[in-house]
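Trainee: I would like to go through the assignments in this entry and hear the grounds for each.

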Amino acid sequence: MALTLLLTGLAGWVSVNGLRINTSTTDMIAPDVPFRRDAEVYRQAFPFLDDQIVVVIDSPSPERSDAAAQRLADLMRGQGQALSDVEVPSADPYFRRNGLLFLDPPDLQDLATRLAGAQAALGTLNEAPNLRGLASMFGTVLEHAGEDAPAALADLLDRLADATEAVASGTPQPVSWVALVKLHDEERFGNRRFVTAQAVLADTAFGRGRPALDAVRRSIEALKGEPDGGGVTARVTGAIALRQTELDTVADTAWIATVLSFILVMAVLITGMRSGRMIAAMMITLMLGLTLSAGAAAVAVGRLNLISVTCAVIFFGLGDDFGSHLGLRYQEELRRGQPPRAAVIEAARGVGPPLALSTLCAIIGFLSFVPTEYLGLAEFGVISALGMVVALVISLTLLPALFVLLRPGPGVVRVEREDRAYAAWMTRHNGTLLALTALTVLGSLAALPLVRLDVNPLNLQNRHTEAVSTYRELAEVPRTSPYAVNVLQPDLAAAQALADRLRTDGQVGGVRTFASFIPKDQDAKLPIVADMALLLGPGLAAPAETAPLTPAERADAVVKLRADLGRFAAGGEGGVETRAAASRFDEALGRVPWSEAALAALDGALTGGVPPLLDRLRAGLEVERPVTAEDVPDSIRRRWIAPDGRARVEVLPTHDISDSRDMARFATAVLAVAPHATGAPVTVTQAGRIVLRAFTEATTLTLVLIAIVLLVVQRSLSGVVLILVPLAVAALWTVAVAGLLDIPFNFANVIVIPLLFALGVSSSIHMVARGQELERAGTSGANYGVELLITSTPLAVLVSTLTTSTAFATLAISSHRGLSSMGILLAIAILFTIVSALLVLPSLMIGWHRWIHRRTPAGGPTSPTRR
C-alpha cells in the first residue's frame, strides 16, 4: 500500500504536467504518408491560410453587411494580443475600383442600359441623397411613366413599400440600392460578408485557440452593442473554432463519462458482490490504478487524442474486470471454509493465469494498430496496453493486500437451486441455442451490405454548435464551400494550364487562380465603361456635403412624395403592377407616425443605401485602362503566389460534398489530374483509406497473434477454437447491428471490432480455463455442464462484462458523435460478448465435451480427464 501510494503521487504529478489533448483527426495519421507531406508543403508555402478564424456576417442588406464587416474588423484589430492579419476580403479597394470589369460583357451592357435610363434619377439622388431627393426623383419619374414603364420601377416601389411598412411596425429594414442595381459582388454573395483572422495560439494544453476565439466574440458583442449593430448576425467558424469546439466537447465528455462510469461500475459491483469492504477495495484499486496509468501515458506518449481521451473510461471497465474475477473467486474460497489469507492466495492462483493470459491477448489487440499508419490508434493502443499492465499488476498485488487488510466477507450466498436451474437448462438446450446462433449468423451476414464508413471528421462533431452549423451552411454553396482542393504549381503559367484541364471534369464546379482576379475580355468591356462614364459621370460628380434634413423638411418631403404617389396610382398612366406598387407605398407612408424619430428612421431606411451605391458607381467609372497583374494588390497576390513564385490553384466542387462518398468522388477526380493536391476532401478521403486499411490490418493481426498465443498456452486446438468462435459471432452481430441502426464506422469507433477480440477474449478464456480445471479434477459426463455453470466464473464473467459495457456506454451521452457512436458500439459489442460467453460458449463446450466422451472410452489416452 505504501509503495503504491508513493508511485501514485509521482504519477499524478507527471500526468498533470505532461498530458495534453489534440483532437485533430489529420494528426492521427502518420506524418510521413504522402498526403500529409503534400499538405505540409502547401502549409509552408501559404502559412497564413492555415488555422484561420472565419466570421460569417449576415444582415438585411449588402450595405449593412459591408459596414458591419468593416467595423468588426476594426474591433478585432484592437485585439492584437490574440488576433493578427484581420481582413475583409470583399472590402479590398481593388474590387470597388474594378468591380464593373468583372461582369460578363452582356451583363455589363445591360447594367449600362439600365443606368442610362435612370440617369436623371441618379443625378437627383446624387444632389440630395435623402427623403427630399427621393421625393424629387419620384416627382420626375412618375410624371413621365407611361404604359411601358420598366418593371424595375414597380420593383423599386415594392421594396420601398416593404421598408416603409417595417418602419411603421417599429423594426426598420433599410432598402438596398446596391442590390437593386445588381452589381457583381451582390450577385455572388448577396448580403453575406466574411472577416478572416489568424489566431495567436496560447501555450496551454486544453485551450490553445480559446483566447483568440474569446477576442473575436468580445468584438462581436461590442459590434452588436453599437447603434448600427441591430439586425446583424456574426457567426464564428473555421479551423480554430472547429478544433476548439471539439476539444471542449471531448474534454467535457471525458470528465463526465469518467465520473459516471465510476458510479455505474460501483452500482454493478454492489449488485453482483454485496460486500461493502470488497467494493471499497476494488474502488481504491481502480482510482490508484487510473492515476498510475495516466502517469505512464504521460511518459510514454505525452498526449491524448480523440480516441485515447477515453482511456479513463476504458480503464474503469477493464480494471474492474480483473478485480471482479479475483473478488468473486475469493468469496467462493471463503464459502468453502478457507481463512482470508489462504482464500486470497488460492483466488490469485486460480484466476491469476487466466488474467495474465487475457491481459496478454488484450495487449496484443491494443498494440495491433502500432504497425499501421493510423497514429491516433497507435497512441491509444500504447496507452491502453500500459493501462492493462498496470491493471494486472495492481490486481495481483494491491488488491490482494487490501483484501487482507480490510477482510471483506463472503457476501450474500446465492441460492444454489437457481444456479443449478440455469445450469440444467443450458445443458438440456445447448443444441437449440447453437441452432439459433447459426440462424442469427446468417441474418447478420445478410445485413452486412448496410454497413458504411463515414470518414468526414465534421460529421463526428455536434452539428448544433455554431462553428459546425455555420461550416455546414457554407458547404451547401459551392462558391463558399470550405471543401476546396488546393494544388501548388511551379508558376502561374503552369497553374493556368492545370486550371484549364480541371475545368473539363464533371466533378469540378469552379477553378480559381491568381489570374481569376484579373478581369477577362477587357477590350470589350472598357468601351462600355467609357460610355457609361461619359453619360453618367457629370451627374455623379461628388457633391458638397449635404446637411441632414430637419424634421419639418422630412415631413414636407413625405407630403410631396405621397401626393405624387397618390396621383400616379389614381391616374391611368403606367402599368397595373406599377400603379399597385405606388398605391401600396403611399398607404405604407400613411401608417408611419409623424414623430421626429420615426421620420428620421424612415429617411435612413429609404435613402441610407444611396451614398454607398453612388460611391461604388463613381469608383467603377474611373477605370480608363486595362487592369494588369501589376495592379492586383499584395493583399490578394500573397494568397495566390508564394514568395518563391509557386502558384496556387483552388478547385471547388459542383455541390455540397459533406457526404463522404461525394467527397471521395471529388477528391479522386482532382487527384487523377493533380496527384499532389491537398485540402479537406483529399485529406479526409486519403485518411479514410488509411483508417480502413489499418482496421483490416489490426483486426487480422489481433486474430492471428491471439490465436498463436492461445495455441502456445492452451496446447489444444479445440481450446483455441472454443475461445475464438464465440468472439467471431459477437463481432459479426456487432457489425450487423451497426448497419441496421445506421451507425457508420468512423475515425473514432473503428476500434470496436479489434477491441471486441482483445477484450472479449478474457471472458472466453476464464470460461474455458474453468472448464479445463473441472476436467482435470475428474468432472465429466452429464455433470460437466452443471458443475461448470454453478461456479463463480459465470457470475464473474457477467459482473465484469457488465461493468465494462456500462463504463463504455457512458460515452454515449456525449454530444460528440464520434465518441457517442464509439460508446454505443462498444457497449453493444461487450453485451454481445456476454451472450456469447454465457450462452454460445457454454453450449459449444457442453456439446464438445459430449462429443469427445462419445468418441473416447473412459480413461483412454485421449480422454478429456487425462488431457
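**Sheet and cores**

Mentor: This is a predicted model. Three strands form an open sheet in the order β7-β9-β8, and the pairing is antiparallel.

Trainee: What makes β7 and β8 edge strands?

Mentor: Strand β7 (485-489) and strand β8 (508-512) each pair on one side only. From one strand to the next, the twist averages 25 degrees.

Trainee: Why are β7 and β9 called paired?

Mentor: Pairing requires at least two bridges. Five bridges join β7 to β9 (residues 647-653), so the two strands count as a pair. They run antiparallel, and N486 stands opposite E650 of β9.

Trainee: Which helix lies across β7, β8 and β9?

Mentor: Helix α21 (residues 492-502) does, running at about 15 degrees to β9.

Trainee: What makes a set of residues a nonpolar core?

Mentor: The residues must be buried, of nonpolar type as listed for cores, and joined through side-chain atoms within 4.5 Å; buried means under 20% relative accessible area. The largest such core has 244 residues. L83, F138, W177, V195, Y374, F585 and L710 have the most contacts inside it. Helix α34 (residues 817-855) gives the most to this core, with 12 residues.

Trainee: With which residues is L83 in contact, leaving aside its neighbours within four places in sequence?

Mentor: L83 is in contact with I53, M76, A197, Q198, V200, A212, A215 and V216.

Trainee: Which residues does the second core include?

Mentor: That separate core of six residues includes Y42, F46, L49 and A642.

Technical notes
Residues numbered from 1 in each chain as written. Predicted model: local features only at pLDDT ≥ 70, side-chain atom pairs only at ≥ 80, totals over all residues. Heavy atoms only, no water. Helix = DSSP H or I, 4+ residues; strand = E, 2+ residues; numbered from the N terminus. Axes fitted to C-alpha atoms, helices over the stretch in contact; angles between N-to-C directions. Contact = heavy atoms within 4.5 Å. Buried < 20%, exposed > 50% of the residue type's maximum accessible area, 1.4 Å probe, protein only.
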